[in-house]
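I opened this model to look up its helices, its nonpolar core and its loops. The entries below are in the order in which I consulted them.

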Amino acid sequence: MTYSEQINLVENYLKNELNFKVEFFANDLPEDISGRTIYNEELIKINEPTAEEALFTLLHEAGHAYSYRKYFTKLGLSQPDDVSKRETYAYLYGYGIAKMLKLNITKEMWINSEKQYD
Ligand SMILES: [Zn+2]
């Protein structure tokens with residue numbers, strides 16, 4: 001599977017299961033931010049130069065959308081104020097989504113992919 005094909009799978013999952021849209025090449029993000037989940041607009045913005053980077057960033061943001069939709073909202077909880085906790089959920093669920101969709105992403109690739117996210 002190419003990176004683009006894998007991106008399509010994640011995008012479809014977001015659309016169909018989590019009701020989040022994705023905007024690629026979102027050049028209104030701050031320069032040092034490659035992805036962001038905007039919960040009240042049900043929108044994920046990605047700004048990455050390559051499909052490979054876009055895939056990893058999209059999965060991270062999908063982890064945020066998943067924890068928001070399937071966990072906090074469903075249980076009637078608000079998201080933790082602690083950013084590092086929210087990032088931990090995104091890290092874990094992002095990888096879980098990659099596994100669930102059977103993407104070509106190994107644990108090593110996932111561990112090495114962590115960078116500047118929001
Ligand atoms: Zn994040």
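My notes on the structure follow.

**Conventions.** I number residues from 1 along each chain as its sequence is written. I am working with a predicted model, in which local features need pLDDT of at least 70, side-chain atom pairs count only at pLDDT 80 or more, and totals for chains, interfaces and linings use all residues. I take helices (H or I, at least four residues) and strands (E, at least two) as DSSP runs, numbered from the N terminus.

**Core.** I looked up the largest nonpolar core and found 22 residues in it, with L58, L59 and A62 having the most contacts inside it. By nonpolar core I mean a set of buried Ala, Val, Leu, Ile, Met, Phe, Trp, Tyr and Cys residues joined through C-beta atoms within 7 Å. I call a residue buried if 20 or more other C-beta atoms lie within 10 Å of its own, exposed if 12 or fewer, and partly exposed in between, with C-beta atoms placed from the backbone. The elements giving two or more residues to this core are α1, β3 (43–46), α2 (51–75) and α3 (83–100). Of these, α2 gives the most, with nine residues. I note as background that nonpolar side chains tend to be buried together in soluble globular proteins.

I then listed the contacts of L59, counting two residues as in contact if their C-beta atoms, placed from the backbone, lie within 7 Å. Not counting residues up to four places away in sequence, L59 touches V10, G94, I97 and A98.

**Helix α2.** G76 follows α2 and has a positive phi, near 70°.

**Packing of α2 and α3.** How do the axes of α2 and α3 cross? They come within 7 Å and cross at roughly 105°. This makes α2 roughly perpendicular to α3, a label I give to angles of 65 to 115 degrees. The axes are lines fitted to C-alpha atoms, for helices over the stretch in contact, and angles run from 0 to 180 degrees between N-to-C directions. Among the residues making the contact are L59, A62 and G63 of α2 and A90, G94 and I97 of α3.

**Helix α3.** I find 18 residues in α3 and a reach of 25 Å from its first C-alpha to its last, close to the 26 Å expected. Its buried residues are A90, Y93, G94, Y95, I97 and A98, and what covers them includes α1, α2 and α4 (107–113). A90 counts as buried, with 24 C-beta neighbours inside 10 Å. Leaving aside its neighbours within four places in sequence, A90 is in contact with H60, G63, H64 and S67. Just after α3, K102 takes a positive phi of about 55°.

**Loops.** With 10 C-beta neighbours inside 10 Å, N19 counts as exposed. F25, in the loop between β1 and β2 (35–38), has a positive phi of about 50° although it is not a glycine. F25 is exposed, with 11 other C-beta atoms within 10 Å. P30 lies in the loop between β1 and β2 and is exposed, with 10 other C-beta atoms within 10 Å.

Terms used:
Angles under 35 degrees count as roughly parallel, over 145 as roughly antiparallel, 65 to 115 as roughly perpendicular and the rest as oblique. The expected span of a helix is 1.5 Å times one less than its number of residues.
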